[in-house]
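The sequence and structure are shown first.

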Amino acid sequence: MATLARWLPAALLGIVTFALVLEVTEPFAPGLDPDALAYLGGAESLAAHGEFRTPSARWWNADSTASLSHFPPGYATAIAVPVRLGMEPIQGARLVAAAAAFVIVAALALLVSDVAGTLAGVLLAVALFAMSSMHEVHVSVLSEPLYLALTALTLAAMVRHPERPLLAGLGAALGALTRYAGVSLIAGVALWSMAQGGTLATRFRRALIAVAPAVVLQLLWLLRTRRVAGGTQSIRKLALYGDFGPSLRQAAATLEAWLIPDPDTWETVLPHRGALTVAAALLLVVVTVAGAWRLRRRGTPSALEPEAHDPRAPGAARVLGATALLTGCYLAVLIVSRIIADAGIPFDERILSPVILLCTTMAATGIALWWQSTPHDLPRIAVTGALLGWWMAAASVTRGEVRWAIVNGSDFANEEWRKSDLLDWARTEGARHPLYSNWVAAVYFHLHRPARDVPLRSESARMAAFVDTLRVRDGRVLQFRVPGPEYVTLDSLLLVRGLRVVAERRDGVVLAPVSGAARPALPPPAAPRSPRP
């Protein structure tokens with residue numbers, strides 16, 4: 001009976017979250033981010049053919065699909081399971097997101113409830129319901145929900161079974177196969193294993209056991225990718241990237257949106273929002289540290305006051321310590337990646353969602369511990385009022401985002417893409433032609449057809465070869481007026497010799513090659529050849 005009472009609230013909260021995610025992704029299906037092309041296409045290919053392929057390719061490739069190599073396989077594999085059982089890829093993605101939400105809420109609510117009381121776990125779940133960052137990653141086809149679920153399971157294994165590093169290591173290994181930033185989980189479980197008691201040899205052995213699953217799985221994926229993708233160039237160029245101003249400003253804006261949510265942000269500017277954010281952050285830190293300090297005192301048995309010892313103190317200390325460690329590791333990986341790998345890494349709610357989730361868990365635990373130990377009512381009333389005001393504002397912001405998504409759809413599920421004139425042409429007159437586009441994702445999402453891309457702006461010297469390739473394959477270019485990332489623009493294509501306008505639509509232009517003799521272009525020396533004839 002005690003076990004049922006302990007698990008039931010967390011399970012019920014998880015079920016509610018599962019239903020909410022299914023509800024908010026119903027109208028126009030989940031939001032379709034460009035990355036979803038690789039996830040959905042890879043899942044469909046794995047379920048049907050047992051291999052990871054994406055329904056897009058470079059313009060010179062003979063095959064209109066390519067091996068999945070720029071994305072880790074974890075999320076596509078998860079979607080492939082319901083697809084293999086008969087679901088459409090989009091519906092499979094909805095199910096994975098809902099199941100991940102169940103795991104996140106149930107695991108964290110149970111973890112916090114065990115060390116800080118059932119009410120603390122319930123309030124954590126209610127806070128997660130209200131946060132726009134959690135809504136943003138669950139309403140679209142993104143790998144973040146699965147990654148957050150694996151983060152929650154890894155954290156639970158670290159806290160509950162520190163003597164069994166393999167459990168946490170498995171969660172970390174799967175997290176690293178879901179997002180590249182999952183290497184932070186591997187670092188976290190290794191450091192956590194080293195920090196446990198024992199001799200130096202014992203600590204090293206635990207750390208090796210913790211990282212072993214990740215090493216094996218990453219090695220297998222690396223060998224597979226090198227075999228099927230050949231000499232594919234890296235998507236990141238290692239260097240030292242400066243200009244940190246935009247990144248810091250975006251991080252500050254994300255912090256503001258989390259700590260001081262403003263439902264009227266599109267109409268008015270909230271005065272002193274930056275100062276309020278700093279004050280809110282300091283309040284959270286002070287209350288959490290105070291709760292941890294009082295926990296430390298309660299966790300030390302005293303000969304004078306043996307009854308003052310709290311048996312939950314060691315577990316609560318592990319929750320706070322493990323959560324802080326995973327947060328620090330993730331931030332370290334993110335900052336290092338920004339400095340040496342990619343200056344364009346966005347410090348938005350999506351990329352910082354693991355930090356927000358972990359910090360919210362840590363704050364919920366610390367606040368509950370502080371609440372239980374403070375003897376004064378006035379501070380309790382003040383903190384209660386602040387938390388209630390935050391929840392109402394956050395819930396209002398999230399409700400507005402949900403309503404907008406229900407009416408309009410998100411990203412490529414938006415009305416302008418669903419009712420695209422250019423895609424209508426491709427659906428009818430373009431049905432017999434290979435398609436090339438500056439937005440190949442739109443072609444796959446709405447026509448369920450693979451497509452090749454148009455040349456990059458850096459490939460302007462190869463435009464004649466591009467036209468020859470189109471001519472040989474009798475291809476058609478769907479060039480949307482919305483510029484694609486790094487691709488040659490519509491104005492530039494209209495100036496290319498050998499191309500003619502077949503149709504002009506509201507949202508773009510259809511281009512075809514002028515008749516004549518030609519041969520298809522060969523890939524540049526640095527590009528892998530297509531593995532299929």
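## Cavities in the model

A cavity is a set of grid points where a 1.4 Å probe fits but cannot get out, and a volume is the space filled by probe spheres set on the points. In this predicted model, three cavities of 30 Å³ or more are present.

## Lining of the largest cavity

The residues that line the largest cavity are Ala130, Met131, Ser132, Ser133, Ala257, Trp258, Pro261, Glu349, Trp390, Ala394, Val397 and Thr398. Two or more of the lining residues come from each of helix 6 (132-138), helix 11 (245-259) and helix 15 (377-408). Helix 15 is the leading contributor, giving four residues.

By class, eight of the residues lining the largest cavity are nonpolar, three are polar and one is charged.

## Lining of the second largest cavity

Around the second largest cavity lie Val24, Pro27, Phe28, Ala29, Pro30, Gly31, Val139, Ala405, Gly409 and Ser410. This lining has seven nonpolar and three polar residues, with no charged residues.

## Packing of helix 4 with helix 7

Helix 4 (residues 89-116) and helix 7 (residues 144-160) have axes that come within 8 Å and cross at roughly 25°. Angles under 35 degrees count as roughly parallel, and the two helices, helix 4 and helix 7, are therefore roughly parallel to each other. Their crossing is left-handed.

On the helix 4 side, the contact involves Ala97, Ala100, Val103, Ile104, Ala107, Leu108, Leu110, Leu111 and Asp114. These residues meet Pro145, Leu146, Leu148, Ala149, Ala152, Leu153, Leu155, Ala156, Val159 and Arg160 in helix 7. By class, the contact of helix 4 with helix 7 has 17 nonpolar and two charged residues, and no polar ones.

## Packing of helix 7 with helix 13

Helix 7 also packs with helix 13 (residues 313-340), at an angle of about 140° and with the axes 9 Å apart. This angle makes helix 7 oblique to helix 13. The crossing of helix 7 and helix 13 is right-handed.

Helix 7 contributes Tyr147, Leu155, Met158 and Val159 to this contact. In helix 13, their partners are Gly315, Arg318, Val319, Ala322, Thr323, Leu325, Leu326 and Tyr330. The contact of helix 7 with helix 13 has nine nonpolar, two polar and one charged residues.

Methods: Residues numbered from 1 in each chain as written. Predicted model: local features only at pLDDT ≥ 70, side-chain atom pairs only at ≥ 80, totals over all residues. Heavy atoms only, no water. 1 Å grid on protein atoms, 1.4 Å probe; cavity = no way out; pocket = protein on both sides within 12 Å on 5 of 7 lines; lining within 4 Å. Nonpolar A, V, L, I, M, F, W, Y, C, P; charged D, E, K, R; others polar. Axes fitted to C-alpha atoms, helices over the stretch in contact; angles between N-to-C directions. Parallel < 35°, antiparallel > 145°, perpendicular 65-115°, else oblique. Left-handed = near helix turned anticlockwise from the far one by under 90°. Contact = heavy atoms within 4.5 Å.
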